[in-house]
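Trainee: I am new to this structure and would like to learn how to read its features one at a time. Could we begin with how strands come together?

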Amino acid sequence: MAKKRELNEYSTDPAAQQMILRAEELGIGTAFTRADEMAPCNIGGAGMCCKQCGMGPCRLTKDGSVGICGATIDTIQARNLTRAIAAGAAAHSDHGRDMAFLLKATANKEAEGYAIRDIAKLRMVAAYYDIPVQGRSPEEIANDLADLYIAQYGQQRGEIVPVRRAPAKRQQIWREQDVVPRGIDREVVECLHRTHIGDDQDPEHILNHAIRTALADGWGGSMMATDISDILFGTPAPILGQANLGVIKQDMVNVVVHGHEPSLSEMIVAASQDPEIIAYAKAAGARGVNLSGICCTANEILMRQGIPAAGNFLHQELSIMTGAIEAMVVDVQCIMQALVELATHFHTKIITTSPKVRLKGATHIEFEEEHALTIAKQILKTAIDNFKNRDTGKVQIPQVKEDLIPGFSHEYINYMLGGSFRASFRPLNDAIISGRIRGVAAIVGCNNPRSSQDYLHNVVTKELLKQDVLVVQTGCGAIASAKLGLLLGEAGLSEVGPGLREICETVGIPPVLHMGSCVDNTRILTVLTQVVAEGGLGDDIDQVPAVGLAPEWMSEKALAIATYCVASGAYVIFGGASPVSGMPDRVSDSDLVLKYISEGWEKKFGGKLEFMPTPEEMIQKTLEHIDKKRAALGLPAYDPARFGKSGDTRMSELEKLPLAERRAAIYGTAAD
Ligand code: SF4
Ligand code: MSK
């Protein structure tokens, strides 16, 4: 009999806790209870099982044992990890490919309802690649850019073009190590080739190709996806939004969009505001259509349109448990197969839309860009028609939600620090150099039901903020902080270290910056590149006092992101289990891969990947790394006592003084 956990061991989020209890009351299983019932395989989990051919699967549980073909534990672990990285890179990059085709269709007026919204970004991106912009229409420029980006997938030789956006020194390292991606599809295919039975057997050599494949994602497919999403739907800027299950509305038709692609969800947003759809919903007895998002589709429409987020990865089932969702519209990635069975307990329709993703038992309404707006309306009408089937007796919506301000794109951070006439990263660099900001942590990635939902994200985030570390976030991690209220202006500043607080008050930013969805981790790469270019913090990314963390990772995409960040020079810390841990009592026999992705990669690229089970260790290693990088740059040691006497804190202290003393404190004299 599986051990049942306490409620707070499932989730730290009160809305989630309420729905987990509701599931228990109704006798419905969720990922939380399935995680109790499904003990992880300790052989596969540690990377010690190979099923690459029909002679196996081979499980290497004894010291010195090898597979039937003679493969060692190191080779098997390297192959397993590399295949996972290839799958993650493929998922992100294939999304980028679809976005490139959508840009091309939009430029040629073949995509219904789409337009080029951010011409400035289009011109800026085109300029990186010497695409002529003067005297040309946005459509002409977009057509050339789309062709260039589409060509990156099938390119066979040379270098993919976005790598030229990295710092010069970084590009040099990649060339010396022979890991510059030649073409996105080529690197993914080569991963599968090299890891086939009887191919590459040298673990380090296999893992070098994992680096090349991950770079094809981070400085390739993902970066292109972010560029095009901004060009078509607008580069994000701060906007007020809300997060958590309390955004679901009792008196409206609730439609949840879930997955990763903004192409359809942006069209659903547009359709939901169409008078025809509003009238259709009213005729069905609802006040209108209420849209909300889950996972990274949520992030995409939250940061551009302010559409609320119903939650992160583990909220997909819980949102249906409210009994008030007429349709959950899914596209690609992070969609649980369990949704269809769960939905049978309620009236919710699960609607698949991607030609790549079908769920048995779901309704399929395929998305076609030529008819995007028409299809979006058809989807909404299907949801509205389902409103009459809602069983009001089953409706239970947790009244829990938080306001947040997402939308801190690279471009907006540049603008907010310097204004439109002198946009610059200088103030950020200066704040790091002075020690007001000790360093930067990117806390990103998934939820994992094997640990308490949001707990690791939030405990690490809150402690680093106290230590004057500026936090940037993407993906489900960003929604975890949003639900806690850390993405809202002054909220939480009392919990923030004195130097960071001064910066937040002066610039007017939250201490945690929401930078987008999982493909948008590339925004962090371009921000770091600009930090380097601004000067004073070294001449390459590996010198910046910064760390990347994914405390609750679960997807192969997370491993691809980690690897391209390592290759870009970052120290990356993952929480939870390592997929290459080997047996704990056999460390000496199976730690080559574990050591290579840490010490080996650090020697070659300046970045390393490590897995840590406890938040305390993640925090300690993050701070040690930041302080080590500060010392290497010759920056003053972090000293919180030097700051905190300016900004709002200073003003509120002064306001408490009698007028004469206040004047003396400000002007150095009590005279009028
Ligand atoms: Fe076993 Fe080798 Fe086949 Fe893997 S490739 S399953 S180790 S025989
Ligand atoms: S959705 S990959 S659970 S971040 Fe991007 Fe969240 Fe991880 Fe999916």
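Mentor: Two strands are said to pair if DSSP finds at least two bridges between them. Please keep in mind throughout that this is a predicted model.

Trainee: How many bridges join strand E14 to strand E15?

Mentor: Strand E14, residues 546-550, is joined to strand E15, residues 571-575, by four bridges, and the two run parallel. Within this pair, Leu549 has Ile573 of E15 standing opposite.

Trainee: In what order do the six strands of the open sheet lie?

Mentor: The order is E13-E12-E11-E14-E15-E16, with parallel pairing. Strands E13 (512-514) and E16 (608-612) each have a single partner strand, so they stand at the edges and one side of each lacks a neighbour in the sheet. From one strand to the next, the twist averages 25°.

Trainee: Which helix packs on the sheet, touching E15 and E16?

Mentor: That is helix H22, residues 556-567, whose direction makes about 155° with that of E15.

Trainee: Let us turn to burial. Is Asn290 buried or exposed?

Mentor: A residue is called buried when its relative accessible area is under 20%. Asn290, which lies in strand E5 (residues 289-294), has a relative accessible area of 6%, and therefore counts as buried.

Trainee: Which residues is Asn290 in contact with, leaving aside its neighbours within four places in sequence?

Mentor: Asn290 is in contact with Val247, Ile248, Lys249, Met252, Val253, Asn254 and Val255.

Trainee: How many disulfides does a search of the whole structure find?

Mentor: A disulfide needs two cysteine sulfur atoms within 2.5 Å, and a search of the whole structure finds zero. Cys49, for instance, is in no disulfide, and the nearest cysteine sulfur, that of Cys41, is 6.6 Å away. Cys49 has 19% relative accessibility and so counts as buried, and Cys476, at 6%, counts as buried too.

Technical notes. Residues numbered from 1 in each chain as written. Chains lettered and ligands numbered in written order. Predicted model: local features only at pLDDT ≥ 70, side-chain atom pairs only at ≥ 80, totals over all residues. Heavy atoms only, no water. Buried < 20%, exposed > 50% of the residue type's maximum accessible area, 1.4 Å probe, protein only. Contact = heavy atoms within 4.5 Å. Axes fitted to C-alpha atoms, helices over the stretch in contact; angles between N-to-C directions.
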